[in-house]
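User: Could you walk me through how to read helix packing, a sheet and pockets in a protein model? I would like the general idea first, then the case at hand.

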Amino acid sequence: MWSTIGELGEFGLIERVTARFPGTGDVILGPGDDAAIVTASDRRVVATTDLLVETRHFRREWSSAEDVGRKAAAQNLADIAAMGARPTALLIGFAAPADLPVSWAEELAEGVRAECSSAGAAVVGGDTVSADEIMLAITALGDLEGRPAVRRDGALPGDVV
């Protein structure tokens, strides 16, 4: 049994983690190819991305891996919803030290899975790389489904947020 992601290897880690993420009706082609294919009913895609860097945005001694995964997914899914779109997909860039326990990566994936499940979104791909500290780059996609986007410049005094 592999105890660290360095021992497991990039493709082993990808296989173990992506097995946790179910698809949705928006996913035509999910993880495993050069890129994912997702539907967009009205040909407009809402997109956002955020980075989370260990020691700047979270500390392993203060946050569980599941908490970090939930935070990473939730902040991006919320940005999509704030624009008036339905979240459809996440792409995850994951950098980590080779000695990181596999269990930490699996727990991170569980947190992401839980947030995606609540929002009705799917993880459709991403990338992994070795690094000195953990870094997550999360890109979320959403579908406006024919509605106008809700933009910041459309807010008026007295609007309820």
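Predicted model: local features only at pLDDT ≥ 70, side-chain atom pairs only at ≥ 80, totals over all residues.

User: Which residues make the contact between H3 and H4?

Analyst: On the H3 side, they include Ala65, Val68, Gly69, Ala73, Ala74 and Leu77. H4 contributes, among others, Trp104, Leu108, Gly111, Val112, Ala114 and Ala119. By class, the contact residues divide into 11 nonpolar, 2 polar and 4 charged.

User: Now the sheet, please. How do strands of a sheet pair?

Analyst: They pair through backbone hydrogen bonds, and the pairing can be parallel or antiparallel. In this model, 4 strands build an open sheet, ordered S3-S6-S4-S5, with mixed pairing. Strand S3 (45-53) and strand S5 (122-130) are at the edges; each has a single partner strand, so one side of each lacks a neighbour in the sheet. On average, neighbouring strands of this sheet are turned by 15 degrees against each other, direction ignored.

User: How many bridges join S4 to S6, and are the two strands parallel or antiparallel?

Analyst: Strand S4 (residues 86-96) and strand S6 (residues 135-143) run antiparallel and are joined by 9 bridges. To find one of them in the viewer, look at proline 87, whose bridge partner in S6 is glycine 142.

User: Where does H3 lie relative to the strands?

Analyst: H3 lies across S3, S4 and S6, and its direction is at about 150 degrees to S3.

User: And how is empty space found?

Analyst: A probe the size of a water molecule is rolled over the atoms, which shows where space is left empty. The largest pocket in this model holds about 470 Å³. It is lined by 26 residues, and the closest to its centre are Ile14, Thr18, Gly125, Gly126 and Asp127. Helix H2 (10-18), S4, H4 and S5 each give two or more residues to that lining, which divides into 17 nonpolar, 5 polar and 4 charged residues.

User: What lines the second largest pocket?

Analyst: That pocket, with a volume of about 170 Å³, is lined by Asp79, Ala82, Met83, Val150, Arg151 and Arg152. Its lining has 3 nonpolar and 3 charged residues, with no polar ones.

Terms used:
Residues numbered from 1 in each chain as written. Heavy atoms only, no water. Contact = heavy atoms within 4.5 Å. Nonpolar A, V, L, I, M, F, W, Y, C, P; charged D, E, K, R; others polar. Pairing = 2+ DSSP bridges. Axes fitted to C-alpha atoms, helices over the stretch in contact; angles between N-to-C directions. 1 Å grid on protein atoms, 1.4 Å probe; cavity = no way out; pocket = protein on both sides within 12 Å on 5 of 7 lines; lining within 4 Å. Points joined across faces, edges and corners; volume = space filled by probe spheres on them.
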